[in-house]
Amino acid sequence: MSRPLHRGFSGGGRLSGNIQEFLEDSQMKFKSEKEEFDKNRLSSDHRSSWNPFHFIFTISSPSKPSVPENGFIVPDPFSPVSSRKRYKLTLFFLKFSLFVIVILALTGSFWWTMSLTTGSRSHTFHGYRRLQEQLVSDLWDIGELSLGASRIKETEFCSLESENYIPCFNISENLELGLTEGQEQDRHCGPTSKHNCLILAPSGYKIPHRWPTGRDIIWIDNVKINAQEVLSSGSLTKRMMLLDDDQISFSFASSMVDDSIEDYSHQIAEMIGLRNESYLVQAGVRTVLDIGCGFGSLGAHFFQNQLLTMCIANYESSGSQVEITLERGLPAMVASFTAKKLPFPSLSFDMVHSAWDGIAWNHKDGIHLLEVDRVLRPGGYFVWTSSVANTRASVRNKDNSKIGDFVRNFAKDLCWDLLSQQDKTVVWKKPSNKDCYASRSHGSGPLVCKVGRDVESPYYHPLEACIGGTHSRRWIPIEERPKWPSRATLSSKELAVHGVLFDDLIEDDLNWKSAVRNYWSLLSPLIFSDHPKRPGIEDPIPPYNMVRNVLDMNAHFGGLNSALLEAGKSVWVMNVVPTSGPNHLPLILDRGFLGVLHDWCEAFPAYPRTYDLVHAEGFLSLETAKQRRCSMLDVFFEIDRLLRPEGWVILRDTSSLIEAARTITTRLKWEARVVEIESNSDEKLLVCQKPLIKRRSNQS
């Protein structure tokens, strides 16, 4: 089992060349302090010669050294020694320092080069001379960091306006840019989207209830919604909220489309031809995309039947569907497909549900229905509930009748099979084969996307007015896929589509099972205690529901998700596949998990304080090996924004990168400890916990 290594950051250690850019990027945040230091250094040339290696080879001085936050001991360069003696002494140590550095560079880089293998995960510099140059460059930067650390200002807290703000979704700014007709709701990331401050929890914030209690009861002060918004909530699941003092409770028995949530889900199953919703898994349904999900009550009910529902809705500054759904411990993210595609691959979901969503499906020649068709798997179901779907009621309203007729006709052009219609709910089934597209009469319905335009994993690309996904090798009807939970382990034939060997997936899953056992034992504040345990007494294992919302920043094959479920942990995982690495998101979704593509130099589409655990394995190595538009400090600020108070962060990476990341956590005020991995001497864990810091009631 892993064992604690140390609590703080230990200065004076040797840092490898691949973190030079890491430190350099993070230090850009301290530009003003560095410029001030340079000015002071230039003005003191007559008193001393500055040595970039001063933190290693120090001049003896009777003055007391200062000890900055990061652990480096910085000597006072202005000791009362005569100028000639200081000059000779400085010259001697400079020569001696350069001599030792050259010897270390030649010896160290030689053995390092000999020991490197092609499987090394760290960023390597090719060429003997470049290794030497990089070593000197690293030492120079570390020297400046050590001298400037005492001048680093403490990280500031964000203003009250940032308490529930998601960067990249600035509606007022988008309107000023002239974006209208729904495009102001779309995601627009720019230089002003970054935030370099810590978001305080609301003054009345309380730690959420654990699952499953937290699914049905949330603290009203944890989300941005007032009593009036609760009492005046609209239809669907918003009408299922009950205000009780400082809590909001959700009841499955409350009205939803004039029926209970159980009756509504039972109705959907019957319209598909099943006895009840418990048979949806046997019909091939595992993942559901819920557009405009209310507050997630359909997904909460489906979860009891092994169905995983992803809620998506527009950004809302108050009374947010996504924020409250996440607070309940249910999957959700901010997403709008007014003008851009959703960040999911084609053929991602077994069912798409849309009820009272307010989407004008008849606008732009049905382009939004085309996006639904793109993410829907062959043989999957589209469930639409709306007042305009009721043909009898629409007769009295020409506008509603026009929208309803358009949707029904366009669905026919998409080759969807109308299974059933009951009152305000309609269910269609996407074709299992592609023959229908070729058999349509000329000019009827949208064309099939050409190969060059049919991008399987678009990342916020503009919407396409054509039928997508037809060229994908993943075109497999849901009735032919393994049923859940067998789907989590794909067959060799299915894995071949993704270019992955069956043995590789099995080995990956086995490794993650072992990792999860170790991880879970670390989710306790006891890890930060330096008090020795009594002999024979083991730390208590955290309960199965210690965490609920898990964010995996570099999900690989989804192994962490698989291991957590197999271990019986009551969690769901947002599997994030960075755009800077290999795209395994189609594989993750085909395993019956949830996930999304994301560029970590941009804000993740979720509200502050929404995840209990953030995990990243190999993420630092992946990002430092790329030319980035952001620094690691930017990424850590984003992690802090997403993390709930008293939430956890587990990073696994190379020893040098973990040590460097440890220095950043002090700025974020996290408790952090580096943990050795017994089976791997080249990697370490960084386990962190975010403190609960509330905004004072009179603090703006």
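Biologist: Is R377 buried or exposed in this predicted model?

Modeller: Buried means under 20% relative accessible area. R377 has a relative accessible area of 0%, so R377 falls under that cut-off and is buried.

Biologist: With which residue does R377 form a salt bridge?

Modeller: Side chains of opposite charge can pair when their charged atoms come close. For R377, the closest N and O atoms of the pair are 2.9 Å apart.

Biologist: Does R453 count as buried, partly exposed or exposed?

Modeller: R453 has 41% relative accessibility. Its salt-bridge partner E464, with N to O at 2.5 Å, has 23%. Because 41% lies in that range, R453 counts as partly exposed.

Biologist: Which strand holds R652, the salt-bridge partner of E683?

Modeller: The side chains of E683 and R652 meet at 2.9 Å, N to O. E683 is buried at 8%, and R652 is buried at 19%. E683 sits in strand β18, 31 residues apart from R652, which is in strand β16.

Biologist: How many salt bridges does a search of the whole structure find?

Modeller: Some salt bridges share partners, and these join D350, R377, E456, R474, R481, R487 and D590 into one network. For the whole structure, the search finds 25.

Terms used: Residues numbered from 1 in each chain as written. Predicted model: local features only at pLDDT ≥ 70, side-chain atom pairs only at ≥ 80, totals over all residues. Heavy atoms only, no water. Salt bridge = Lys/Arg side-chain N within 4 Å of Asp/Glu carboxyl O. Buried < 20%, exposed > 50% of the residue type's maximum accessible area, 1.4 Å probe, protein only. Helix = DSSP H or I, 4+ residues; strand = E, 2+ residues; numbered from the N terminus.
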